[in-house]
Amino acid sequence: MSGLIGRKLAEAALVGLIVSFATFLLVNWTGDLAISLGGMQASKEELVKLRAAYGLDRPLLVQYVDWARRALSGDLGRSFFSQEDVLPLILSRLAVTSRLALAALLVGIATAAPLGILAAIYQGKWIDHLAQTIAALSQAMPSFWSGLLLILFFGVNLKILPISGNDDWTGYIMPALALGWFVFPIMLRLLRAGMVEALSADYVRTARAKGLDPKRIVLKHALRNAVLPVVSLAAVQFGQLLGGSVVVEAVFALPGVGQLAWNSIQRADFPVVQAVVLLVAMIFVVVNLIADIINGVLDPRIRRA
């Protein structure tokens with residue numbers, strides 16, 4: 001297990017280096033940072049002074065090394081727009097997005113797990129067709145559209161849930177449902193496929209021949225093997241939810257990282273954009289590391305490999 005963790009940590013460091021360098025280059029190639037600082041009305045003399053003051057007149061590689069050195073010490077720069085330190089600014093928004101992503105993932109798992117298991121057990125029966133039909137409808141409905149429908153039904157008509165903001169936990173219910181509805185179909189299909197394969201395996205047939213309890217066969221023997229790819233998928237989906245919640249956050253007016261990134265792109269606030277991309281990428285890597293460790297605990301073959 002220690003070898004697995006060490007290898008994944010080395011991969012995480014490499015991913016962080018590649019993502020930070022690629023983001024730095026893309027941000028600098030997108031536009032002139034001096035114009036973003038001084039505005040479109042800035043004169044040539046003012047732009048020259050700004051480039052010298054912020055070190056923008058140096059080679060890009062030198063600028064990147066300087067930024068990376070400061071980033072390793074926790075200094076990700078200052079926002080061009082608000083003049084706030086970037087790291088506290090992002091962390092204040094990250095809590096909202098993390099809660100939303102985790103709630104959405106739990107919604108997706110809680111709905112996909114029972115339906116996926118039942119669809120595999122009763123393969124080809126009406127419940128299997130019903131589960132796959134629901135998954136197809138879920139995949140065809142964008143998260144912003146399902147969010148608007150939820151607002152219309154629960155917020156406007158029934159008036160039982162807040163339609164915007166995050167003043168309390170109820171503000172996360174509809175956004176989590178909208179994002180969880182998006183995560184649900186792929187998790188259902190993967191779990192169903194894994195369960196179908198596991199239920200037809202030799203060790204399951206042997207367990208049935210020994211007269212073991214059917215529930216124990218499904219939950220202890222088949223599900224333990226079928227759930228391995230679902231754990232890895234959940235980690236990937238969590239990272240995607242962190243980076244892709246911008247639309248839902250905009251629909252429900254949640255002050256999360258997605259909304260911050262979108263506003264920063266519109267304002268050409270490049271230090272914030274660069275830091276958001278780097279932090280989301282590193283969270284993605286860490287979550288995948290945790291998923292690999294969980295899979296190693298569930299399956300001894302992964303530890304031995």
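Tutor: Buried means under 20% relative accessible area. Keep that cut-off in mind. This is a predicted model.

Student: Is Met187 buried or exposed?

Tutor: Met187 has a relative accessible area of 2%, so the residue counts as buried. Met187 belongs to helix α8, residues 173-199.

Student: How far apart are Met187 and Val231, in sequence and in space?

Tutor: In sequence, 44 residues separate Met187 from Val231. In space, the C-alpha to C-alpha distance is 9.7 Å.

Student: Now helix packing. What describes two packed helices?

Tutor: Two values: the angle between the axes and the distance between them. Take α5 and α8. Helix α5 covers residues 86-121. Its axis and that of α8 come within 6 Å and cross at roughly 35°. The crossing of α5 and α8 is right-handed.

Student: How many nonpolar, polar and charged residues make the contact of α5 with α8?

Tutor: The contact of α5 with α8 has 25 nonpolar residues, four polar and one charged.

Student: At what angle do the axes of α7 and α8 cross?

Tutor: Roughly 145°. Helix α7 spans residues 143-157, and its axis comes within 9 Å of the α8 axis. The crossing of α7 and α8 is right-handed.

Student: Which residues make the contact of α7 with α8?

Tutor: From α7, the residues are Ser143, Ser146, Gly147, Leu150, Ile151, Phe154 and Gly155. From α8, they are Met174, Leu177, Ala178, Trp181 and Phe182. By class, the contact of α7 with α8 has eight nonpolar and four polar residues, with no charged ones.

Student: On to aromatics. What describes a pair of rings?

Tutor: The distance of the centres and the angle of the planes. The count here is six aromatic pairs. One of them joins Phe24 and Trp67, at 6.3 Å centre to centre with 40° between the planes. That pair is tilted.

Student: Why does the pair of Phe24 and Trp67 tie together parts that are apart in sequence?

Tutor: Phe24 lies in helix α1 (residues 2-30) and Trp67 in helix α4 (residues 60-72), so the pair ties together parts that are 43 residues apart in sequence.

Student: Are Phe24 and Trp67 buried or exposed?

Tutor: Phe24 is buried, and so is Trp67.

Student: Which residues do ring pairs link into a cluster?

Tutor: Phe21, Phe24, Tyr64 and Trp67.

Technical notes
Residues numbered from 1 in each chain as written. Predicted model: local features only at pLDDT ≥ 70, side-chain atom pairs only at ≥ 80, totals over all residues. Heavy atoms only, no water. Helix = DSSP H or I, 4+ residues; strand = E, 2+ residues; numbered from the N terminus. Buried < 20%, exposed > 50% of the residue type's maximum accessible area, 1.4 Å probe, protein only. Phe/Tyr/Trp six-rings, centres within 6.5 Å; stacked < 30°, edge-to-face > 60°. Axes fitted to C-alpha atoms, helices over the stretch in contact; angles between N-to-C directions. Left-handed = near helix turned anticlockwise from the far one by under 90°. Nonpolar A, V, L, I, M, F, W, Y, C, P; charged D, E, K, R; others polar. Contact = heavy atoms within 4.5 Å.
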